[in-house]
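Student: I have the sequence and the coordinates open. Can we go through the packing of the helices step by step?

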Amino acid sequence: MITTLKISCKKATGLIDKRQLVSLTVSETIQLRIHTTICSICRRYEKQSAWIEQAVKHLQEQKPKDLKLSETARNTILEKIIEKK
Ligand SMILES: [Zn+2]
């Protein structure tokens with residue numbers, strides 16, 4: 001039982017990445033929880049991964065700024081269009 005719960009750092013970081021895309025199975029969640037409890041490197045990886053995920057989410061949520069043309073720019077373009085006709 002204990003040996004099946006023990007996973008390598010490679011597997012642990014793989015699970016951390018996987019968790020961002022799909023939900024983990026119960027055994028994967030337990031394996032990862034146990035691993036991050038004993039492994040400070042993977043714990044740090046998990047933290048950084050969460051931070052990056054949040055930063056990406058934040059960027060995705062940002063709406064593009066109001067891209068309306070200024071009145072002057074609009075008039076200049078309109079003038080050019082009229083000139084060409
Ligand atoms: Zn580890």
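Predicted model: local features only at pLDDT ≥ 70, side-chain atom pairs only at ≥ 80, totals over all residues.

Student: What percentage of the residues of the chain count as buried?
Tutor: The cut-off for a buried residue is 20 or more other C-beta atoms within 10 Å. The chain has 85 residues, and the share that counts as buried is 7%.

Student: Within what arc do the buried residues of α2 fall, seen down its axis?
Tutor: Helix α2 covers residues 9-19. Its buried residues are Ala12, Leu15 and Ile16. An α-helix has 3.6 residues a turn, so residues three or four places apart point the same way. The buried residues of α2 line one face of the helix, because they fall within an arc of 100 degrees.

Student: Which residues are exposed on the other side of α2?
Tutor: The buried residues of α2 are Ala12, Leu15 and Ile16. On the other side of the helix, the exposed residues are Lys10 and Asp17.

Student: Is Arg19 exposed or partly exposed?
Tutor: Arg19 belongs to α2. Exposed residues have 12 or fewer neighbours and buried ones 20 or more, with the remaining class in between. Because Arg19 has 17 C-beta neighbours inside 10 Å, its class is partly exposed.

Student: How far apart are the C-alpha atoms of Arg19 and Thr29?
Tutor: Arg19 lies in α2, and Thr29 is ten residues away from Arg19 along the chain. Between their C-alpha atoms the separation is 9.0 Å.

Student: Which helices do the buried residues of α2 pack against?
Tutor: The residues in question are Ala12, Leu15 and Ile16. Their partners are α3 (26-38) and α4 (40-61).

Student: Are α2 and α3 oblique or parallel to each other?
Tutor: The two axes come within 10 Å and cross at roughly 120 degrees. Angles of 65 to 115 degrees count as roughly perpendicular and those over 145 as roughly antiparallel. The pair α2 and α3 is therefore oblique.

Student: How do the residues of the contact of α2 with α3 divide?
Tutor: The crossing of α2 and α3 is left-handed. Ala12, Leu15 and Ile16 of α2 make the contact with Glu28, Leu32, His35 and Thr36 of α3. By class, these residues are four nonpolar, two polar and one charged.

Student: How are α2 and α4 oriented to each other, parallel or oblique?
Tutor: Their axes come within 10 Å and cross at roughly 20 degrees. Angles under 35 degrees fall in a single class. The helices α2 and α4 are therefore roughly parallel.

Student: How do the residues of the contact of α2 with α4 divide?
Tutor: The crossing of α2 and α4 is right-handed. Cys9, Ala12, Thr13 and Ile16 in α2 meet Ile41, Cys42, Tyr45, Glu46 and Ser49 in α4. By class, the contact has six nonpolar, two polar and one charged.

Student: Is His35 buried or exposed?
Tutor: His35 is found in α3. Because 22 other C-beta atoms lie within 10 Å, His35 is buried.

Student: Which residues does His35 touch, leaving out those up to four places away in sequence?
Tutor: His35 lies 8.1 Å from Ser8, C-alpha to C-alpha, and the two are 27 residues apart in sequence. The residues that His35 touches are Ile7, Ala12 and Cys42.

Conventions: Residues numbered from 1 in each chain as written. Helix = DSSP H or I, 4+ residues; strand = E, 2+ residues; numbered from the N terminus. Arc of directions from axis to C-beta. Contact = placed C-beta atoms within 7 Å. Axes fitted to C-alpha atoms, helices over the stretch in contact; angles between N-to-C directions. Left-handed = near helix turned anticlockwise from the far one by under 90°. Nonpolar A, V, L, I, M, F, W, Y, C, P; charged D, E, K, R; others polar.
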